[in-house]
Amino acid sequence: MARWDPDARGRLLQAAIELFTEQGYEATTTAQIAQRAGLTRTTLFRLFSDKREILFQGQSALIAGATEAINQVPADARAEEVLAAAIAGMADLHTAEHRETGRLLAPLMTSSPELQERAAFKRDAIARAIEHELFERFEDRSLAGVLADMGVRSFYAGYASWITSPDDLSLTSLVHQELGAHRAALRQVVAG
């Protein structure tokens, strides 16, 4: 296939998941991934800096989803409404196909310290981006930090439930359930 064929990123992701599952993350080369995807190594490196980044290509979309959602909430909205919109902005980007991909990726992530490190970086980058937007809005660094941490924790907990659940619950509803549980826990801490 020519390098300009559609969905090169998606084909590289599918090829990487297949190869990492078959032979392990460390044993898989970028040349093998490109070949399986029907692309050249040059195309792979034009799109991604290394094989690890293929799996984390959704990071910028999640940040953009949260940022856009925050900026669409009315100026007089309460902090918890803004946070709920931010995590819904990330969750709403996920489809049934993402759910299946998440199910395949979960065991891969636990099998490689390098992937675990990159996953932690992704999570931190999302939290920092949300914190920045919330600080811009509320001009309170402590509030922005606590909200961002709680929102990202809720998102990831909801995501973990979503990819393992046999039910057809939406990711957005699971994330909002987690946010409610985290808010209740925070209220107990404050009341105690």
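Throughout this tour, two residues are in contact when they have heavy atoms within 4.5 Å. The model is predicted, so local features need pLDDT of at least 70 and side-chain atom pairs count only at pLDDT 80 or more, while totals for chains, interfaces and linings use all residues. Residues are numbered from 1 along each chain as its sequence is written, and side-chain values use heavy atoms, with hydrogens and water left out.

**The whole chain**

The C-alpha trace spans about 55 × 30 × 30 Å along its principal axes. Of the 192 residues, 43% count as buried, a term that means under 20% relative accessible area, with exposed meaning over 50% and partly exposed in between (1.4 Å probe, protein chains only). Among contacts between residues at least 6 apart in sequence, 67% join residues at least 24 apart.

**Ser-112**

Next select Ser-112, in the loop between helix 7 and helix 8; at 0% relative accessibility, Ser-112 counts as buried. Not counting residues up to four places away in sequence, Ser-112 touches Tyr-25 and Glu-26. Between Ser-112 and Glu-18 there are 15 Å in space, C-alpha to C-alpha, and the two are 94 residues apart in sequence.

**Helix 7 against helix 9**

Now select residues 96-111 (helix 7) and residues 141-164 (helix 9), which pack with their axes 9 Å apart and at an angle of about 95°. These axes are lines fitted to C-alpha atoms, for helices over the stretch in contact, and angles run from 0 to 180 degrees between N-to-C directions. The two helices are therefore roughly perpendicular, on a scale where angles under 35 degrees count as roughly parallel, over 145 as roughly antiparallel, 65 to 115 as roughly perpendicular and the rest as oblique. To see the contact, show His-98, Arg-99, Gly-102, Arg-103 and Ala-106 from helix 7, together with Tyr-159, Trp-162 and Ile-163 from helix 9.

**The nonpolar cores**

Turn to the largest nonpolar core, in which, of 30 residues, Met-90, Ile-130, Leu-134, Phe-155 and Leu-171 touch the most other members. Such a core is a set of buried Ala, Val, Leu, Ile, Met, Phe, Trp, Tyr and Cys residues joined through side-chain atoms within 4.5 Å. Two or more residues come from each of helix 5 (59-72), helix 6 (79-91), helix 8 (113-138), helix 9 and helix 10 (171-191), and helix 9 gives the most, with 9 residues. Another core lies apart from this one, and its 23 residues include Leu-13, Ile-17, Leu-105 and Leu-108.

Returning to Phe-155, select its contacts beyond neighbours within four places in sequence, namely Leu-62, Ile-87, Met-90, Ala-91, His-94, Leu-171 and Val-175.

**Helix 5**

With helix 5 selected, colour its buried residues, which are Gln-59, Leu-62, Gly-65, Ala-66, Thr-67, Ala-69 and Ile-70; what covers them includes helix 6, helix 8 and helix 9. At 1.5 Å a residue, the 14 residues of this helix should span 20 Å, which agrees with end C-alpha atoms that are 20 Å apart; the expected span is 1.5 Å times one less than the number of residues.

**Glu-139**

Finish at Glu-139, in the loop between helix 8 and helix 9. Its phi is near 55°, a positive value in a residue other than glycine, and Glu-139 is exposed, with a relative accessible area of 67%.

Definitions and conventions: Helix = DSSP H or I, 4+ residues; strand = E, 2+ residues; numbered from the N terminus.
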